[in-house]
Amino acid sequence: MLSAFYIFSSRGDVLLNEKYRDDVPEEQLNLVISSMKCKSKQNPPCNNSSDIHSYSIRKEKITYLAVSKRKIPTLVVVQFLESFHILLKDFCGGTTEDHITKNLLLVYELMTECIDNGFMKTTNTETVRHTVYSDPVLTKPNPNDEVRKPGPFGMEKVLSKSSAERPLVKSRSQQAIKIPDVFVDVIEKLTAHFNKEGHLELFHLHGAIQLKSFIPHNHQLVVSLEDHIKHAAMKGLHFDKCKFHSCVDSSHFEKHQTIVVRPSQSEIKAMVYSLENPVLLPFRLTASTQPSSQNKDCDLTLKLQSNQPVNVEALNVILHIPVSSSTRNIMQQFSKHDNSAEFIRKERKILWKLKKLPGQEEVIAKFKLIDALQVPANHMEMGPVSLEFEASNTTCSGLGVKNLKAEDPSGKPVSIQKWVRYVTLAQSYVFQI
């Protein structure tokens, strides 16, 4: 049973609050609020002071605080706060301070429906939507979000991730929109470790198909998958581990690579998979070191090669290059423009940054490490080199969306606007040098 509920901004200002019971004196409530403003971002989920129990979470710089005179299991309250945060996102289209301040009436109405005289009730979107009457106020969209690129269905419009941040629960003025949107993100994170000879020693791929649908809740989506790479050693899609969301029918996946999704109107991970055998390694790095014969400097040459298709660009490529502790400074030279390097002496490493690297291209960087080899053991301090990157419009597993369609309860096709995005990220991409 809750005594009070608060929503704080990133500055500690109270955006919205409601007091349900009078069992906590006003002075003690003020002490709890003051302590929340003074504490760092790493707050414990539960605090006890003078027999007053406070529970809090922080999401997108917004803090949700529940206060109770009675002790409630921490997990119960934290799960409620997490679910309420998701509910706000479904109704307001986001949970930033801007979304909340523009929808104060709607947020207050949601608080009233989810907390009845201090008793925590349901936070299910489908249940709450029938009792809420306020319309969401949308934040201004960015006109630069939309571009056109080749996609699985020809030349298609491609939107940034923020474009999917819109209310799942439509206002009355939006009911006239006949073509609902369906967003599908195929996101893969790579772990790859290479030895000094360039041979792969460790590989792991973790992937997920994230789906956000704006179709009515009684409709279903049919997602057909395919192998984009069509590797000779593989016949169809095969994963070491594969797990589906509870709303996914995967009975035809093994034979036809098709899944049927009956999503509630929220963002779900329709499919999570992993792969231990590499099919496509996006980058290779070759390194060589040459000690100077005249002084204690060392010449370090790195060649980074992209093995991705020509229509794929890797963005925000960063290489972390550890050097010896005796290195005083560096000199640099690159084979291409839009390269930069920074020597961070305190961390004894070089940050080599590339704005972008197109597929099937390579770039060479030459560094002169000043006074790097004071003693022979300094050479052992160099490396390993870790690589960060973000590659769009590609997956290393070869997983692709072949077709995407929606059906009503009778099986009749329904028109939808399809948005499919592929992203490959480096989780731990390391080279020994």
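**Group meeting: cores and confidence in a predicted model**

For the protein, mean pLDDT is 85, and 87% of residues reach 70 or more.

Some ground rules. This is a predicted model, so local features need pLDDT of at least 70 and side-chain atom pairs 80 or more, while totals for chains, interfaces and linings use all residues. Numbering runs from 1 along each chain as its sequence is written, and side-chain values use heavy atoms, without hydrogens and water.

Now the cores. A nonpolar core joins buried Ala, Val, Leu, Ile, Met, Phe, Trp, Tyr and Cys residues through side-chain atoms within 4.5 Å. Buried means under 20% relative accessible area (1.4 Å probe, protein chains only). The largest core has 67 residues. Phe-367 and Trp-352 are among those touching the most other members. Strand β10, residues 181-194, gives the most, six residues; strands are DSSP E runs of at least two, numbered from the N terminus. Apart from this core lies another, of 31 residues, including Leu-15 and Tyr-20.

Last, Thr-424. Where is Thr-424 found? In strand β27, residues 417-431. Thr-424 is buried, at 0% relative accessible area. Its side chain reaches the backbone oxygen of Thr-394 at 2.9 Å. Beyond four places in sequence, the contacts of Thr-424 include Glu-188, Leu-190 and Phe-389.

Methods. Buried means under 20% relative accessible area, exposed over 50%, partly exposed in between (1.4 Å probe, protein chains only). Helices (H or I, at least four residues) and strands (E, at least two) are DSSP runs, numbered from the N terminus. A polar contact is a pair of N or O atoms within 3.5 Å; within protein, one must be able to donate a hydrogen and the other to accept it, and residues adjacent in sequence count only if both atoms are side-chain atoms. Contact means heavy atoms within 4.5 Å. pLDDT is the predictor's confidence in each residue, from 0 to 100.
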